[in-house]
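Q: Could you walk me through this structure, please?

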Amino acid sequence: GGPVCVTNERLASAHSKLGINDQAFDEVLRLLKETFDDFDVEESDIGTIVGEIQKRRPYIVTAKTTSV
């Protein structure tokens with residue numbers, strides 16, 4: 001265990017073929033926040049973690065969201 005440093009390039013490569021769209025990304029963030037809340041993680045810590053994940057959205061989201 002321990003901290004792991006993953007570059008944006010590795011994130012992009014790892015997610016490139018998964019077809020993740022903005023809706024799926026947002027749902028994962030929602031579930032992550034809900035889980036942190038369930039375990040009484042401090043709001044400031046949740047904000048920091050979610051903010052760092054949000055910064056990486058362009059490297060994870062590779063599919064366009066289609067409107068209905």
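The conversation below goes from the whole chain to selected residues.

Q: What should I know before reading the values?
A: This is a predicted model, in which local features need pLDDT of at least 70 and side-chain atom pairs count only at pLDDT 80 or more, while totals for chains, interfaces and linings use all residues. Residues are numbered from 1 along each chain as its sequence is written, and side-chain values use heavy atoms, with hydrogens and water left out.

Q: How many helices and strands does the protein chain have?
A: The protein chain has four helices and zero strands, and its elements run α-α-α-α from the N terminus on. Helices (H or I, at least four residues) and strands (E, at least two) are DSSP runs, numbered from the N terminus.

Q: What box do the C-alpha atoms fill?
A: Taken along the principal axes, the box for the C-alpha atoms of the protein chain is roughly 35 × 35 × 20 Å.

Q: And what about the surface of the protein chain?
A: The accessible surface is about 5,400 Å², and carbon and sulfur atoms hold 55% of that. These areas come from the Shrake-Rupley method with a 1.4 Å probe; for residues, only the protein chains shown count as cover. Of the 68 residues, 18% count as buried. Buried means under 20% relative accessible area, exposed over 50%, and partly exposed in between (1.4 Å probe, protein chains only).

Q: Now the helices: at what angle do H2 and H3 pack?
A: Helix H2 (residues 22-38) and helix H3 (residues 43-55) pack at about 160°, and their axes are 10 Å apart. Axes are lines fitted to C-alpha atoms, for helices over the stretch in contact, and angles run from 0 to 180 degrees between N-to-C directions.

Q: Which way do H2 and H3 run relative to each other?
A: H2 and H3 are therefore roughly antiparallel. Angles over 145 degrees count as roughly antiparallel, under 35 as roughly parallel, 65 to 115 as roughly perpendicular and the rest as oblique.

Q: Which residues of H2 and H3 meet?
A: From H2, Phe25, Leu29, Leu32, Lys33, Phe36 and Asp37 meet Glu43, Ile46, Ile49, Val50, Ile53 and Gln54 of H3. The residues of this contact of H2 with H3 divide into eight nonpolar, one polar and three charged. Contact means heavy atoms within 4.5 Å. Ala, Val, Leu, Ile, Met, Phe, Trp, Tyr, Cys and Pro count as nonpolar, Asp, Glu, Lys and Arg as charged, and the others, Gly among them, as polar.

Q: Is arginine 57 buried or exposed?
A: Arginine 57 is buried, with a relative accessible area of 17%. Arginine 57 is found in helix H4 (residues 57-60). Not counting residues up to four places away in sequence, arginine 57 touches Asp22, Phe25, Asp26 and Leu29.

Q: Where is histidine 15, and what is it in contact with?
A: Histidine 15 is in helix H1 (residues 8-15) and counts as buried at 18% relative accessibility. Leaving aside neighbours within four places in sequence, histidine 15 is in contact with Ile20, Tyr59, Ile60 and Thr62.

Q: What is the phi of aspartate 40?
A: Phi of aspartate 40 is near 55°, a positive value in a residue other than glycine. Most residues other than glycine have a negative phi. Aspartate 40 lies in the loop between H2 and H3 and counts as exposed at 67% relative accessibility.

Q: Finally, where is leucine 31?
A: Leucine 31 is in helix H2, and it is partly exposed, with a relative accessible area of 38%.
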